[in-house]
Amino acid sequence: IVFMGVPLWVLDQKVYGNDTAAGDRFGSAVAAQVTHLVVGAPNDNAPLSDSGSAYGFENISSTWTQTGKIVPTSPQVNEHFGSSVDFGGNRAVIGSPDFDNVAPPRTNSGRAVIVLRDTSGPGVVWTIQAELNPLDPVTDRRFGASCAIDGTRVIVGAPGAWNFDSEASGAGYVFD
């Protein structure tokens with residue numbers, strides 16, 4: 001639609017997760033690619049309190065339809081999986097900035113996962129393909145606070161990372 005020579009954006013559809021509940025923060029992070037969407041819900045309580053999740057959607061016959069729910073492997077309370085999301089090709093990257101590294105123990109060191117969107121069989125299957133972690137986990141790094149994917153390259157933001165002697169100067173971790 002064009003009004004006075006300016007294109008107007010028109011609401012196509014409002015999407016929800018099929019099991020979202022009060023406080024899940026569905027929509028905190030979103031990513032789109034042509035006919036696919038990934039939406040984060042970092043305060044989802046399934047399976048644990050505020051462990052978080054992300055939802056995959058496909059545009060099927062002009063309707064956005066949920067095709068999967070993605071939860072972290074080995075979820076933690078207050079992990080906030082789905083705080084950041086991005087989509088590229090048939091892969092998504094999803095961040096968990098409040099994930100606690102276990103060995104060595106580091107609170108809010110963070111993590112991110114690569115998810116494969118597979119359409120080779122009937123329907124769509126969303127499968128965690130890889131987990132990304134910094135090689136030097138530290139407390140409050142918040143690795144996974146932001147993320148981006150382009151083909152086979154991923155960058156994960158860590159606003160609490162140290163740069164030499166500069167506390168919380170931040171860093172971006174690039175993976176190929």
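Start by selecting Phe-26, Tyr-55 and Phe-57, which together form one aromatic cluster. You are looking at a predicted model, in which local features need pLDDT of at least 70 and side-chain atom pairs count only at pLDDT 80 or more, while totals for chains, interfaces and linings use all residues. Residues are numbered from 1 along each chain as its sequence is written, and side-chain values use heavy atoms, with hydrogens and water left out.

**Stop 1: the aromatic pairs**

Searching the whole structure gives 5 aromatic pairs. Here, rings of Phe, Tyr and Trp (its six-membered ring) pair if their centres lie within 6.5 Å; planes under 30 degrees apart count as stacked, over 60 as edge-to-face and the rest as tilted. Keep Phe-26 and Tyr-55 on screen: their ring centres are 5.4 Å apart and their planes stand at 70 degrees, so this pair is edge-to-face. The two residues come from distant parts of the chain, 29 residues apart, with Phe-26 in the loop between strand E2 (6-7) and E3 and Tyr-55 in strand E5 (residues 53-60). Element names follow DSSP runs, numbered from the N terminus: helices are H or I with at least four residues, strands are E with at least two.

Tyr-55 is buried, at a relative accessible area of 0%, whereas Phe-26 is partly exposed at 23%. The cut-offs are under 20% relative accessible area for buried, over 50% for exposed and partly exposed in between (1.4 Å probe, protein chains only).

Next, select Phe-143 and Phe-175, another edge-to-face pair, with 6.2 Å centre to centre and 80 degrees between the planes. Phe-143 sits in the loop between strand E10 (125-132) and strand E11 (146-150), and Phe-175 in strand E13 (residues 171-175), so this pair ties together parts 32 residues apart in sequence. Phe-143 is buried, with 0% relative accessibility, and Phe-175 is partly exposed at 23%.

**Stop 2: the nonpolar cores**

In soluble globular proteins, nonpolar side chains tend to be buried together. A nonpolar core here is a set of buried Ala, Val, Leu, Ile, Met, Phe, Trp, Tyr and Cys residues joined through side-chain atoms within 4.5 Å. Select Val-38, Ile-70, Ile-94 and Val-115: these have the most contacts inside the largest such core, which has 13 residues. Strands E3 (29-33), E7 (84-88), E8 (91-96) and E9 (111-118) are the elements that give two or more residues to this core.

Centre the view on Ile-70. Which residues does Ile-70 touch, leaving aside its neighbours within four places in sequence? Ser-53, Ala-54, Phe-81, Ile-94, Val-115, Trp-126 and Ile-128 are in contact with Ile-70, where contact means heavy atoms within 4.5 Å. A second, separate core has 12 residues, among them Leu-132, Phe-143, Ile-149 and Val-154.

**Stop 3: the backbone**

Most residues other than glycine have a negative phi, and most peptide bonds are trans. Select Ala-46 and Pro-47 to find a cis peptide bond, with omega near 10 degrees; Pro-47 belongs to the loop between strand E4 (36-41) and E5. The bond from Ala-103 to Pro-104 is also cis, with omega near 0 degrees, and Pro-104 lies in the loop between E8 and E9.

Finish with two positive phi values. Ser-61, not a glycine, has a phi of about 55 degrees; this residue is in the loop between E5 and strand E6 (63-70) and is exposed, at 68% relative accessible area. Arg-142 has a positive phi near 60 degrees, lies in the loop between E10 and E11, and is partly exposed at 30%.
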